[in-house]
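Here are a few exercises to work through with the model open on your screen. Try each task yourself before you read its solution.

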Amino acid sequence: MTPIKECLINNKTDINPIWLMRQAGRYLPEFREIRKKNPNFIDLCLNEELSETITLQPIDRFDFDAAIIFSDILMIPYGMGQDVEFKKNFGPKLGNLNINNILDLDENDFKSRLDPIYRLLENLKNNKKLKNKDLIGFVGAPWTLLVYMLNKLSPKNGLSKVFFHDKDLISKTLKILDKFIKIHIRKQIESGATLIQIFDSWAGLVNKDLSKYLYEPTTSLVEYTKSLGVPVICFPRGISDYNKFCDEVRPNMINIDYNIEPKDLLNKIKIPIQGGLDPKILLTNRENLNLEVNKYLRVFKDHPYVFNLGHGILPETKIEMVHELIKIVRDFT
Ligand code: CP3
């Protein structure tokens with residue numbers, strides 16, 4: 001059994017597997033090298049040879065306990081026929097959402113648009129480098145995908161005022177997302193994903209009707225993934241009550257963000273926990289890193305805990321600091 005499954009399924013507390021969100025990305029010079037030659041990000045995600053190389057880059061360098069496929073949560077809107085573009089130093093920009101086209105969309109068209117992702121998983125699943133490691137597939141949660149699809153830009157500076165007004169469009173979109181996200185989960189599992197993570201990066205923007213926007217849509221995906229025999233990790237970034245989220249949604253593991261004081265969760269959350277460290281700590285110094293990493297390791301000493309960050313690793317992170325982080329985690333007793 002893989003180290004992460006030992007935590008997740010056997011509730012082992014004496015090991016701390018480690019992988020990092022966004023481990024396949026811009027902090028790696030070898031990724032930036034490939035990226036420079038491939039200015040179109042969506043095309044890069046649809047290039048299964050290069051995506052395989054990128055997925056394995058952090059494994060080759062750091063021997064993490066899991067590989068997460070190189071892809072993006074916005075491949076789902078792309079598969080549903082919405083234009084998705086990544087502008088340099090700007091982030092994603094989506095085209096207009098045509099809900100009627102999406103309601104008419106044939107499942108097979110969606111699957112064939114995303115087929116390179118499934119081939120990527122097929123190619124990786126028997127790779128010797130991933131022996132005794134998990135191969136993580138992922139999706140965006142319905143809420144976060146809804147936000148990008150309707151807002152068309154990152155909601156970094158808030159959501160446009162009209163966002164909450166079209167209730168009909170919101171419920172239609174959430175419903176159709178449930179269908180296509182499930183197809184994407186099933187296809188990833190059939191192609192070799194051994195774990196699924198659901199990223200709800202903008203969960204913290206919801207301050208009322210949490211059941212409708214977060215709990216219910218995510219529970220539907222969690223139950224579906226479990227029914228396929230694969231464990232599921234949720235990352236509802238920025239929510240104020242992780243305990244309630246776990247009670248409602250019942251994932252196999254919960255990834256916490258860095259605004260949560262880890263010791264406040266002990267004795268409350270009964271399921272395995274992942275993550276938490278502020279990625280900015282990796283930009284400081286070794287001494288500080290040691291202090292902060294040990295805080296998490298000590299708090300979760302007797303709790304099944306997978307080491308990860310409280311959000312994606314930052315592009316400006318130095319490679320030496322990642323080596324140091326791994327050493328601290330692996331040497332901890
Ligand atoms: O974790 C991994 O290494 C696997 C690959 C992965 C990417 N995106 C590659 C990527 C994963 C798991 C994601 C998830 C993702 N994508 C999320 C959820 C996690 C989070 O960070 O909150 C979100 C919100 C997105 C949407 C997205 N993709 C944005 C907002 C951006 C631009 C800003 C940014 O953070 O880079 C991306 C681009 C993106 N996705 C890059 C990578 C490596 C950078 C592309 C580049 O400019 O070179």
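## Exercise 1: a loop residue

Ile18 is buried, with a relative accessible area of 0%; buried means under 20% relative accessible area, exposed over 50%, and partly exposed in between (1.4 Å probe, protein chains only). Before going on, note that this is a predicted model, in which local features need pLDDT of at least 70 and side-chain atom pairs count only at pLDDT 80 or more, while totals for chains, interfaces and linings use all residues. Residues are numbered from 1 along each chain as its sequence is written, and side-chain values use heavy atoms, with hydrogens and water left out.

Task: Where is Ile18 found, and what separates its C-alpha atom from that of Phe180?

Solution. 
- Step one: look in the loop between helix H1 (3–8) and H2 for Ile18. Helices (H or I, at least four residues) and strands (E, at least two) are DSSP runs, numbered from the N terminus.
- Step two: take the C-alpha atoms of Ile18 and Phe180, which are 162 residues apart along the chain; their separation is 30 Å.

## Exercise 2: the ligand site

Solution. 
- Step one: find the shell. It holds 23 residues, and the closest are Arg26, Arg35, Asp72, Ser201 and His311. A residue is near a molecule if one of its heavy atoms lies within 4 Å of it.
- Step two: check the polar contacts (pairs of N or O atoms within 3.5 Å; within protein, one must be able to donate a hydrogen and the other to accept it, and residues adjacent in sequence count only if both atoms are side-chain atoms). A side-chain N or O atom of Asp72 is 2.7 Å from a nitrogen atom of the ligand. For oxygen atoms of the ligand, Ser201 brings a polar side-chain atom to 2.6 Å, and His311 has a side-chain N or O atom at 2.7 Å.
- Step three: see which elements take part. Helix H2 (29–37) and strand S3 (91–94) are the ones that give two or more residues to the shell.
- Step four: sort the shell by type. There are 13 nonpolar, six polar and four charged residues, where Ala, Val, Leu, Ile, Met, Phe, Trp, Tyr, Cys and Pro count as nonpolar, Asp, Glu, Lys and Arg as charged, and the others, Gly among them, as polar.

## Exercise 3: helix H9

Task: How many residues of helix H9 are buried, and what follows the helix?

Solution. 
- Step one: go through residues 142–151. Ten of the ten are buried, so H9 is largely enclosed by the rest of the structure. Among them are Trp143, Leu146 and Asn151.

## Exercise 4: buried or exposed?

Task: Are Gln197, Arg22 and Arg250 buried or exposed?

Solution. 
- Step one: Gln197, in strand S5 (residues 195–199), is buried at 0% relative accessible area. Its side chain makes a polar contact of 3.1 Å with that of Gln274.
- Step two: Arg22 lies in the loop between H1 and H2 and is exposed, at 53% relative accessibility. Its phi is near 65°, a positive value in a residue other than glycine.
- Step three: Arg250, in the loop between helix H12 (242–249) and strand S7 (253–255), is exposed with a relative accessible area of 52%. Phi of Arg250 is near 55°, which is also positive.
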